[in-house]
Amino acid sequence: MVKGGERTRIEQEIKSASLYDNVKLLPYQPDWWRWLGAASGLLSMSRYEGNPNAVLEAMAGLCPVILSDIPGHCEIADTSSALFVPVDDAQMLVDRNRRSLG
């Protein structure tokens, strides 16, 4: 779900990567958690997290997670429960995403 002024740029990135059939951008939904059962995974590539509630909820729903390797994520997950990616490593993000979708 994308909310805010970045939607157009993100749509262009998805299109240029030929991922339009694989990535869905949904409008904001207050009950987003209901989608966790159908999701292939949750990506959280934050540079900073205080209390990453979306990640905690995804993990509680047994949704696979790919997380940025930051203290806020490392406090709640380890390599047995998540795949980690350095913040600015786009290639590793692609590799981890492919691995999780396997």
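Reader: How many disulfides does the structure hold?

Author: The structure, a predicted model, holds zero disulfides. A disulfide is a pair of cysteine sulfur atoms within 2.5 Å. The cysteine sulfur nearest to that of Cys63 belongs to Cys74 and is 19 Å away, so Cys63 is in no disulfide under the 2.5 Å cut-off. Cys74 is likewise in no disulfide, its nearest cysteine sulfur being that of Cys63.

Reader: Why is Cys63 called buried?

Author: Buried means under 20% relative accessible area, exposed over 50%, and partly exposed in between (1.4 Å probe, protein chains only). Cys63 has 5% relative accessibility and therefore counts as buried.

Reader: What makes Cys74 buried, exposed or partly exposed?

Author: Cys74 stands at 37% relative accessibility, and therefore counts as partly exposed.

Reader: Which residues make up the largest nonpolar core?

Author: This core has 10 residues in all, among them Cys63, Leu36 and Ala58. A nonpolar core is a set of buried Ala, Val, Leu, Ile, Met, Phe, Trp, Tyr and Cys residues joined through side-chain atoms within 4.5 Å. Leaving aside neighbours within four places in sequence, Leu36 is in contact (heavy atoms within 4.5 Å) with Glu57, Ala58 and Cys63.

Reader: Why is Ser46 called buried, and what is its polar contact?

Author: Ser46 has a relative accessible area of 17%, so it is buried. Its side chain is joined to that of Glu49 by a polar contact of 2.6 Å. A polar contact is a pair of N or O atoms within 3.5 Å; within protein, one must be able to donate a hydrogen and the other to accept it, and residues adjacent in sequence count only if both atoms are side-chain atoms.

Reader: Why is Leu62 called exposed?

Author: Leu62 has a relative accessible area of 76% and is therefore exposed. Its phi is near 60 degrees, a positive value in a residue other than glycine.

Note on methods: Residues are numbered from 1 along each chain as its sequence is written. This is a predicted model: local features need pLDDT of at least 70, side-chain atom pairs count only at pLDDT 80 or more; totals for chains, interfaces and linings use all residues. Side-chain values use heavy atoms; hydrogens and water are left out.
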